[in-house]
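The following paragraphs lead through the fold and its packing. Please consult the sequence and structure alongside the text.

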Amino acid sequence: MRQDGDAVHAASGSGPVIEARGLDLVFQTGDSPVHALKDIDLDIFKGEFVSLIGPSGCGKTTLLRVIADLEQPTGGSLSVNGMTPDAARQARAYGYVFQAAALYPWRTIEKNVALPLEIMGFDRARRKQLVDANLDLVGLAGFGRKFPWQLSGGMQQRASIARALCFDPDLLLMDEPFGALDEIVRDHLNAELLKLWAKTRKTVVFVTHSIPEAVFLSTRIVVMSPRPGRIHEIIDCDLGPDRPLEIRETPEFLAIAHRVREGLRAGHGYD
Ligand SMILES: Nc1ncnc2c1ncn2[C@@H]1O[C@H](COP(=O)(O)OP(=O)(O)OP(=O)(O)O)[C@@H](O)[C@H]1O
């Protein structure tokens, strides 16, 4: 198993934001136990954009949910910002973007984005300031008074990103946020997300099924193999920070995409 980036980061002396060692998760179901994650070792460092890619059911969402303390591992250890996942959740260490935008239909966009701030007890003036700034950041300035159903799917997903960012967490966990969108909108949002990441330098863990999306966005790609979900390979994606959409036609991009595809195939054991 390769972890190309680790040596570089270890040399820089910065500790990992996420550190998983021998992580295991077995779901106890009515029928038979489901071994969702097996022996996951993974370090993710500050400012990285790491994608988790793998076949359906390989445990990508489960791994993200374990990091977010929404599932409990049955073995191994995990730290998030040097804390237990439980402590990190309570310290609001991360923002979470779900597959579906999951906005409340009866609240306006600004009220949806403000929800975490209300829960955290921010006063009204500060809430307005943060909501406006984050709607602006995701290109939704002027749409705060609309209701979710008045916005396109892509705009709703942007609003859910603004909601995840509004309290300025250093870590963003994103579970296939653009999976349900058409390709043109997805391309556009990929480019926007990359700009946003370059501007904010947040650490991002991003789940996707799409090889081009993973290569376009990531600094490293974690290729997972089918159940029980294991890390098959970690691939460095050193295309630099400046990535216009046309980069997807370049030999460097295609070479990395090819490596990811080969990794997925080898992990599957088709050959
Ligand atoms: N709460 C649960 N109880 C029992 N089994 C579960 C539970 N959550 C997930 N699983 C199982 O664990 C495995 C991993 O699921 P997970 O959703 O993490 O996969 P995934 O890689 O994200 O899949 P997809 O790409 O289809 O979203 C699957 O077999 C799934 O059915």
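Two residues are in contact if their C-beta atoms, placed from the backbone, lie within 7 Å. This is a predicted model: local features need pLDDT of at least 70, side-chain atom pairs count only at pLDDT 80 or more, and totals for chains, interfaces and linings use all residues. Residues are numbered from 1 along each chain as its sequence is written.

By this contact criterion, and not counting residues up to four places away in sequence, Ala 162 touches Val 113, Asn 134, Leu 135, Leu 137, Val 138 and Leu 140. In the protein, 71% of the contacts with a separation of 6 or more join residues 24 or more positions apart.

The protein contains nine helices and nine strands; these are DSSP runs numbered from the N terminus (helices H or I, at least four residues; strands E, at least two). One of the helices, helix 7, comprises residues 183-200; at 1.5 Å a residue its 18 residues should span 26 Å, and the end C-alpha atoms are 25 Å apart, which agrees. The expected span is 1.5 Å times one less than the number of residues.

Which residues of helix 7 are buried? They are Leu 189, Asn 190, Leu 193 and Trp 197, where buried denotes 20 or more other C-beta atoms within 10 Å of the residue's own, exposed 12 or fewer, and partly exposed anything in between, with C-beta atoms placed from the backbone. These buried residues pack against strand 3 (49-53), helix 6 (153-165), strand 7 (203-208) and helix 8 (211-217). On the other side of helix 7, Ile 184, Ala 198 and Lys 199 are exposed. Just after helix 7, Arg 201 adopts a positive phi of about 55 degrees.
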